Amino acid sequence: CGGPGPLLIAPCLNNLALCALYTCRMHHAVAMMESLVREGPTMFLTERLAFNLCTLYELGSDGPASERKKRVLQLVSKRFFLHDIASESFRIN
């Protein structure tokens, strides 16, 4: 067997990151999600991951830092032509 396919990896790691958040390891959750985006934005940067990561940015950063991180994530999605991610997912004011 070839192991779990890429379609299962993203949601599983997204859920694992949210578990880290609920166990008071928010920075670990952010790091896991960001590593997915760095590893393969076209494969792992989904609407759900973008929304959850931007929510974590809001919870863990002051206003300007949070906005900057969310805009960078949005630029990554544009750079890789990920048009299926709605702009609302980035939670930019």
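Helix H2 crosses helix H4 in a left-handed manner; a crossing is called left-handed if the near helix is turned anticlockwise from the far one by less than a right angle, and right-handed if clockwise. The model is a predicted one, in which local features need pLDDT of at least 70 and side-chain atom pairs count only at pLDDT 80 or more, while totals for chains, interfaces and linings use all residues. Residues are numbered from 1 along each chain as its sequence is written, and side-chain values use heavy atoms, with hydrogens and water left out.

Two packed helices are described by the angle between their axes and the distance between the axes. For H2 (residues 26–39) and H4 (residues 47–60), the angle is about 140° and the axes are 10 Å apart. Here the axes are lines fitted to C-alpha atoms, for helices over the stretch in contact, and angles run from 0 to 180 degrees between N-to-C directions. Helices are DSSP runs (H or I, at least four residues), as strands are (E, at least two), numbered from the N terminus.

On the H2 side, the contact (heavy atoms within 4.5 Å) is formed by Met26, Ala29, Val30, Met33, Glu34, Leu36 and Val37. Their partners in H4 are Leu49, Asn52, Leu53, Leu56, Tyr57, Leu59 and Gly60. The residues of this contact of H2 with H4 comprise 11 nonpolar, two polar and one charged. In this classification Ala, Val, Leu, Ile, Met, Phe, Trp, Tyr, Cys and Pro are nonpolar, Asp, Glu, Lys and Arg are charged, and the others, Gly among them, are polar.

Leu53 belongs to helix H4. Its relative accessible area is 1%, so Leu53 is buried (under 20% relative accessible area, with exposed over 50% and partly exposed in between, for a 1.4 Å probe and protein chains only). Leaving aside residues up to four places away in sequence, Leu53 touches Val30, Met33, Glu34 and Leu73. The C-alpha atoms of Leu53 and Lys69 are 9.6 Å apart, although 16 residues separate the two along the chain.

Ser89 is found in the segment after helix H5 (63–79). Ser89 counts as buried because its relative accessibility is 5%. Apart from residues up to four places away in sequence, Ser89 touches Glu47, Ala50, Phe51 and Cys54.

The protein chain as a whole has five helices and zero strands. Buried residues make up 37% of its 93 residues. Of the contacts with a separation of 6 or more, 51% join residues 24 or more positions apart.
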